[in-house]
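Colleague: Could you walk me through the pockets in this one? I'd like to know what lines them.

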Amino acid sequence: MINIAWSDFTPVSALAGGILIGLAAASFLLLNGRIAGISGILGGLLTPVRNDIIWRTAFLGGLIGAPIVWLLFAELPEIEINAGFPAIIIAGLLVGVGTRYGSGCTSGHGVCGLSRLSPRSLVATLSFMATGFITVYVIRHLIGA
């Protein structure tokens with residue numbers, strides 16, 4: 001049974017957030033000629049190239065700093081995680097492995113790749129989504145966790 005929390009249904013803020021993400025990704029591509037895929041940006045810092053360090057660090061700093069700026073205006077939303085640390089660690093490692101095998105992450109393929117009509121990104125995004133659906137179904141309905 002699916003329960004929808006209608007009090008948490010916020011289409012206006014979701015639309016505004018989607019527009020901002022789309023504008024940011026398009027601007028990044030148009031101004032820098034680069035895809036705003038988080039795993040690729042972070043991965044580039046692990047094997048740094050001389051002229052790439054500053055913009056990659058600034059990009060990731062913005063991702064980390066955004067919640068801090070948010071705190072100047074409002075409280076952060078409450079975060080509820082219904083999993084233990086071992087499950088979170090395993091999930092994080094599996095996501096990392098998946099981004100390496102898939103040559104990108106959900107932001108790179110799902111936001112940037114699909115907007116460029118990339119067939120590879122379409123397959124990758126469908127794979128991400130299908131794997132997520134199957135995982136949730138197995139864990140919640142077959143295993144019963």
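This is a predicted model: local features need pLDDT of at least 70, side-chain atom pairs count only at pLDDT 80 or more; totals for chains, interfaces and linings use all residues.

Colleague: How much space lies in the largest pocket, and how many residues line it?

Modeller: Look around A91, V95, T131, G132 and T135, which lie nearest the centre of the largest pocket. They belong to a lining of 28 residues. The space in there is about 1100 Å³.

Colleague: Which element gives the largest share of that lining?

Modeller: Elements giving two or more residues to the largest pocket are α4 (85-101), α5 (106-115) and α6 (119-143). The largest share is 11 residues, and the element behind it is α6.

Colleague: And the second largest pocket: which residues lie nearest its centre?

Modeller: That pocket holds about 600 Å³ of space. Its lining has 19 residues. Nearest the centre are L20, I21, A24, L63 and A66.

Colleague: Which element gives the largest share of the lining there?

Modeller: For the second largest pocket, two or more lining residues come from each of α1 (11-32), α3 (53-70) and α5. The largest share is seven residues, and it comes from α3.

Colleague: How many charged residues are in the lining of the second largest pocket?

Modeller: By class, 16 of the lining residues are nonpolar and three are polar. As for charged residues in the second largest pocket, the count is none.

Key: Residues are numbered from 1 along each chain as its sequence is written. Side-chain values use heavy atoms; hydrogens and water are left out. On a 1 Å grid over the protein atoms alone, a cavity is a set of points where a 1.4 Å probe fits but cannot get out, and a pocket is an open set with protein on both sides within 12 Å along at least five of seven lines; lining residues have an atom within 4 Å of a point. Grid points are joined across faces, edges and corners, and a volume is the space filled by probe spheres set on the points. Helices (H or I, at least four residues) and strands (E, at least two) are DSSP runs, numbered from the N terminus. Ala, Val, Leu, Ile, Met, Phe, Trp, Tyr, Cys and Pro count as nonpolar, Asp, Glu, Lys and Arg as charged, and the others, Gly among them, as polar.
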